[in-house]
Amino acid sequence: MDYRKIGEDIVKKAIKGGADEAEAVIEHIKEFNVSVRKGDVETLKKSVSKGLGLRVFINKQLGFSYTSDLSPESLEETVKKTVELARITEAKPWQGLPDFGPQPLAELALHDPELATVSDEKKIGIAREVERIALAQDKRITNSEGGFFSDAERIAGLFNSKGISYTLQETRCSFGAYVIAGEGDNMQGGGWSSSKRYFKELEPVEQVAKTAAQRAVEMLGARPVETKKVPVVFDRYAAPAFWMGVLSALNGDAAFRKTTFMSDMLKKQVASPLVTIHDDPTRPRFVASGPFDGEGNVTRKNTILEKGVLKMFFYDSQTARKAGVKVNTIARRGGYKSGPSAGFICVIVENGEEDPASLLKDLKEGLLVTSMRGTGTDVTTGAFSVGCSGFWILDGAKAFPVDGVTLGGTTLDLLKNIDKLANDLDLRGSLNSPSFRVTEITVGGKKT
Amino acid sequence: MDKVVRYHTINRRSFLKKGALSGALMISFPVWKCLAARDPEALLASDPAALSILDKEDLRKLLEVCLSRGGEFAEIYFERTVSNSISLDEEKISAATRGLDMGVGFRVLQGEKTGYAFSDDLDLAKLKEAAETAALIASGQTTEKPKNFTPLSPPQYYQVKVSPDTIASKAKADLLIKANAVARVFDKRITQVGVSFSDISKKIMIANSEGLYVEDTQTLSRLGVNCAALEGSNRSMGYESKAGTYGFEHFDLSLAEDFGRKAAEMAIRMLPAEDAPAGEFPVVIAAGFGGIFFHEAIGHSLEADGIRKKTSCFHDKLGQPIASEVVTLADDGTYKGAWGAVNVDDEGSTGQNTILIDKGICSAFLQDRLNAKLMKMKQTGNGRRQSYQHYPIPRMTNTYLHPGESLPEDIVKSVDTGLYIAKIGGGNVQPTTGRFVFSVTEGYLIEAGKVTRPLKGIMLMGSGQEVLKNITMVGNDLLVIGGGSCGKDGQSKPVGFGNPTLKVAKITVGGKKA
């Protein structure tokens with residue numbers, strides 16, 4: 001199908017049908033998923049799906065609809081319905097398409113032409129192999145949730161009545177395993193995966209398998225500790241969950257409405273001077289990169305925190321217009337079924353200078369967090385509370401695995417009390433962080 | 001593989017969200033209306049009669065294609081879902097949206113293997129292509145032939161007189177305007193009010209090689225009100241919602257008025273909230289939201305996939321005591337009008353009321369077709385899928401604790417120092433270890449048998465094995481609620497839950513004060 005034609009046509013039809021402004025997004029996704037358990041294929045799923053979302057404005061009133069049916073009759077109906085929907089809503093002066101028009105897009109090399117040539121057998125083989133190696137790593141590995149391989153090729157288009165007509169072709173592939181160590185009431189699961197744009201850049205199967213196995217085995221015998229305040233180290237793979245909570249509090253519209261504890265913090269020191277955070281979706285070939293955002297703005301590198309000072313909130317063009325701020329907008333979009341909203345795309349908490357081992361070395365007693373069950377941050381109040389697991393640290397070394405404990409505090413205190421930031425950044429997804437240490441957090445556990 | 005991969009580990013199972021925390025509405029669950037490609041008019045009609053348009057002979061041929069490689073069982077799942085939502089924000093009707101999801105899924109089973117493919121193109125050639133892809137899970141000659149269809153007329157558990165899809169937006173907007181007006185004038189510290197009404201009309205048709213043919217129309221409606229309050233540097237949120245397999249007749253202006261007031265009341269009550277304590281405490285959970293506690297603490301761990309694969313910590317506990325004697329827990333797809341009610345599940349098995357824990361004894365698992373067959377147990381109507389793009393897996397419907405004998409006020413009085421949990425925001429569990437957490441959105445301190453000061457930042461953490469044995473009192477005031485969405489293996493599904501007031505003798509509370 002000629003998606004550019006469909007996209008440009010429906011925008012024209014919406015204008016003809018009464019809209020002042022219109023925008024269409026189209027997605028076409030071809031997917032392959034296989035899971036293997038104990039050596040046998042358990043599920044094999046292949047699919048092609050598509051859909052279109054249409055956003056229109058009439059007198060600054062908004063209507064939105066989507067459809068998975070791209071037949072001419074259905075698209076005709078979609079235009080009619082969306083215009084009707086816009087007439088139901090009330091005008092808000094800031095509503096409308098972004099002010100910018102078409103801009104030159106960077107070539108980020110997000111499409112792997114070779115992926116299409118990889119056979120199903122080869123992909124199934126990888127899923128089988130990663131599970132096999134993970135199961136064979138250690139005698140204490142007793143069971144498996146399986147190995148998997150999945151990939152997707154996506155064509156995405158964004159078209160609007162201000163002349164934007166972008167299409168993007170991208171690929172993604174990933175594989176991993178999840179295995180279980182121990183038996184009865186002492187079981188622990190552990191998984192790991194690798195996700196890349198290019199098939200050839202996937203991490204070695206053996207490395208992913210070993211990490212999955214290690215993450216299960218090392219948690220055997222995990223137990224709660226008694227309630228106390230101690231220094232807490234967040235390892236680099238647990239840290240992104242923490243930052244997710246912090247970033248959620250930086251929504252510009254929430255700040256404007258004063259519904260987030262960060263509302264009055266712009267240009268203030270909100271975190272330790274060690275912390276600098278960027279949003280940077282412009283890295284070529286990277287899994288979380290993209291040339292344009294959810295409303296068609298070209299992506300670029302933005303500074304969120306610089307040496308602990310809050311430099312920006314997240315706005316899309318409508319909320320920026322409303323708040324009267326002139327900033328680089330960043331709009332996320334979850335797919336064709338929703339409109340754009342403000343947010344980050346690819347966040348990197350920049351490396352510190354410490355060797356990761358030095359975060360533990362001088363601790364007499366403390367907690368190393370390797371997994372968080374949630375983000376912890378209450379965006380409204382700024383209270384921090386989360387369940388976690390990891391290791392108890394005694395005299396600078398891992399003493400035993402810990403599970404069933406909570407961390408409690410306030411997010412701003414945690415941010416300010418970061419006293420060490422490691423240099424172990426490993427870019428894997430849309431939120432990346434080195435390991436870091438907080439001087440003191442309340443660890444909630446059992447009575448002894 | 002699933003969305004949680006963002007955190008770099010493969011996180012298994014469940015994230016349950018409710019009310020204000022979910023931000024936007026629950027609008028993403030698909031539904032249907034079957035139609036054939038040759039009749040585009042039918043695409044737009046809301047008339048359930050259109051369901052039968054799909055030619056049974058075509059279905060039979062497609063099932064034959066599915067079985068052509070030697071599969072043991074084949075199934076076709078049609079879906080047409082219309083989703084509507086309208087929302088009010090900053091005193092204005094700010095958005096109106098409508099969505100259509102439509103497609104056909106093909107599933108082929110052989111032993112423990114599942115082949116799955118779907119098409120959102122209803123052209124017969126495209127459907128045949130998808131059926132061929134699903135068939136590839138098996139490799140051999142045809143061994144099974146599809147049986148003749150016997151239409152199934154399931155019992156009705158939904159409470160729908162007036163389809164919300166047929167209601168003019170004006171009537172829905174009036175609800176939002178009313179709730180907003182009441183919340184705004186309730187207190188001048190209320191700074192933001194958001195109200196939304198969303199509905200889903202999902203028509204499904206399931207036909208399988210064993211001769212099952214069933215159609216169902218699932219209707220879900222939800223009205224939600226969120227309020228934010230501000231006083232000095234204190235911020236708080238309040239929310240109230242009603243959600244179920246309801247028609248529009250369940251929503252009127254007096255309900256909107258009531259919800260506007262209740263959401264505002266909650267926000268104002270929580271304004272002066274203090275830091276929560278940390279450590280082990282007795283906890284009283286109010287009627288309604290405690291169902292999330294059971295959903296996480298035990299429900300996921302009793303789903304048959306984890307049981308069969310022995311990856312759940314409860315896999316060998318059937319017939320054994322796993323909870324105190326006051327605990328009788330049901331998963332009930334037949335609870336009328338409940339958010340998770342199902343006339344049939346997403347593989348055509350009729351909704352059932354299954355007792356999972358009978359006076360403390362583990363008495364059943366949550367079964368779908370595949371696992372029930374492999375485990376030689378009965379299906380329990382828990383084979384559910386998000387949409388035609390997904391294959392069914394064992395899922396909860398409405399999970400609730402049966403009422404006991406205690407009076408709610410006596411339960412509170414029995415606690416000297418502890419916590420009173422009024423509303424829960426969401427939680428998650430790892431079924432392998434049984435460890436779960438859930439976050440509390442409205443909680444209070446109990447001092448000398450009385451509910452006193454509001455608290456913020458409460459997280460409760462425990463293990464299913466331990467905490468169920470620590471339930472010591474159960475009230476007589478069962479309340480079943482809806483509006484939540486449960487995530488498992490990348491699939492989101494509406495689930496209901498409920499409980500009477502109950503007491504957990506001790507559980508770990510994650511707060512700030514050591």
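Between domain 1 and domain 2 of chain B, 7 salt bridges are counted in this predicted model. One salt bridge in the structure joins the side chains of B:K423 and B:E240, with 3.2 Å from N to O. Side chains of opposite charge can pair when their charged atoms come close.

Contact between them involves 59 residues of domain 1 and 66 residues of domain 2. Together domain 1 and domain 2 of chain B bury about 5000 Å², and carbon and sulfur atoms give 57% of that area.

Chain A is also assigned two domains, with domain 1 covering residues 3-217 and domain 2 covering residues 222-448. In chain A the C-alpha centres of the two domains lie 24 Å apart. Here 44 residues of domain 1 are in contact with 33 residues of domain 2. The area buried between these domains of chain A is about 3200 Å², with 56% of it from carbon and sulfur atoms. On the side of domain 1, the residues A:W94, A:F100 and A:L108 supply 20% of the area that this domain buries against domain 2 of chain A, more than any other three residues.

The contact between the chains takes 95 residues from chain A and 82 residues from chain B. Chain A and chain B bury about 7500 Å² between them, and 53% of this lies on carbon and sulfur atoms.

Two pairs show residues of chain A joined to residues of chain B. In one, B:D101 forms a salt bridge with A:K337, and the closest N and O atoms are 2.6 Å apart. In another, A:K322 is paired with B:E90, the closest N and O atoms being 2.4 Å apart. This pair runs from helix α7 (residues 317-323) of chain A, which holds A:K322, to the loop between β2 (73-89) and β3 (92-110) of chain B, which holds B:E90.

Both chains also contribute to the second largest pocket. The volume of this pocket is about 650 Å³. Its lining consists of 30 residues, and A:K30, A:E31, A:S47, A:V48 and B:E129 are those nearest the centre of the pocket. Several elements each supply at least two residues of the lining: from chain A, β1 (21-37), β2 (40-58), α3 (120-136) and β4 (141-160), and from chain B, β4 (113-119) and α3 (124-135). Sorted by class, the lining of the second largest pocket has 13 charged, 11 nonpolar and 6 polar residues.

Methods. Residues numbered from 1 in each chain as written. Chains lettered and ligands numbered in written order. Predicted model: local features only at pLDDT ≥ 70, side-chain atom pairs only at ≥ 80, totals over all residues. Heavy atoms only, no water. 1 Å grid on protein atoms, 1.4 Å probe; cavity = no way out; pocket = protein on both sides within 12 Å on 5 of 7 lines; lining within 4 Å. Points joined across faces, edges and corners; volume = space filled by probe spheres on them. Helix = DSSP H or I, 4+ residues; strand = E, 2+ residues; numbered from the N terminus. Nonpolar A, V, L, I, M, F, W, Y, C, P; charged D, E, K, R; others polar. Domains from an automatic or database assignment. Contact = heavy atoms within 4.5 Å. Buried area = accessible area lost by both parts, 1.4 Å probe. Salt bridge = Lys/Arg side-chain N within 4 Å of Asp/Glu carboxyl O.
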